[in-house]
Amino acid sequence: MPAKIFGGGDGDGTTFEDITVTGTAHICKIVCDDIFTLDAVNKIELDSAGTIVANSHTTTALASGSTFDIQATGNLTMDSSGGTIGIGTDGVTGNINIGTNAHARTINIGADESTKVDINAIAIELDAAETIVANSATTTAITSGTTMTLSSGGILAMDTIGTDAINIG
């Protein structure tokens, strides 16, 4: 028979004692018919030697009043099996930083099989301490609605592979 837990404390609802729930046969289950709330002044800690699973039949929301940090010692993945994945989709104008720490790492966006990588902004800036490489298996087109400047601190070379002509104008 399931145990019923009623808040401990002084009975006036202002102070409570620690409540420990212990299960047998490796299962400890808390069932609630409507709303289940965990509320703490300092922190709520979920700790497991195995896996922590949070499932919801509708929306799952995690929110923080300040920093919200997700850290994994292995791979960290974020997937959707039925919709888009949105990052920075609210109306707040804070920057979105990806790979901005001062450590050497490769940042991958897309795959060879991806249909398109679409980048839209008022200004797009590519900076590199060394080389910028644009490589296309077919046609590459760069178009400017106004002025286009190609500038080099050294040799500016335009070449084709083979004997194809370079057309200017």
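A pocket here is an open set of grid points, on a 1 Å grid over the protein atoms alone, with protein on both sides within 12 Å along at least five of seven lines. Keep that in mind as you meet this structure, which is a predicted model. Its second largest pocket has a volume of about 2,000 Å³, while the secondary structure of the protein chain comes to zero helices and zero strands.

**The chain as a whole**
- The protein chain has 169 residues, and 0% of them are buried.
- Among contacts with a separation of 6 or more, 0% join residues 24 or more positions apart.

**The salt bridge**
- How many salt bridges does the structure hold? There is one.
- Lys 43 and Glu 45 form this salt bridge, and their closest N and O atoms are 3.0 Å apart.
- Glu 45 has a relative accessible area of 52%, so this residue counts as exposed, the cut-off being over 50%.
- Lys 43 is also exposed, because its relative accessibility is 62%.

Key. Residues are numbered from 1 along each chain as its sequence is written. This is a predicted model: local features need pLDDT of at least 70, side-chain atom pairs count only at pLDDT 80 or more; totals for chains, interfaces and linings use all residues. Side-chain values use heavy atoms; hydrogens and water are left out. Helices (H or I, at least four residues) and strands (E, at least two) are DSSP runs, numbered from the N terminus. Buried means under 20% relative accessible area, exposed over 50%, partly exposed in between (1.4 Å probe, protein chains only). Contact means heavy atoms within 4.5 Å. On a 1 Å grid over the protein atoms alone, a cavity is a set of points where a 1.4 Å probe fits but cannot get out, and a pocket is an open set with protein on both sides within 12 Å along at least five of seven lines; lining residues have an atom within 4 Å of a point. Grid points are joined across faces, edges and corners, and a volume is the space filled by probe spheres set on the points. A salt bridge is a side-chain nitrogen of Lys or Arg within 4 Å of a carboxyl oxygen of Asp or Glu.
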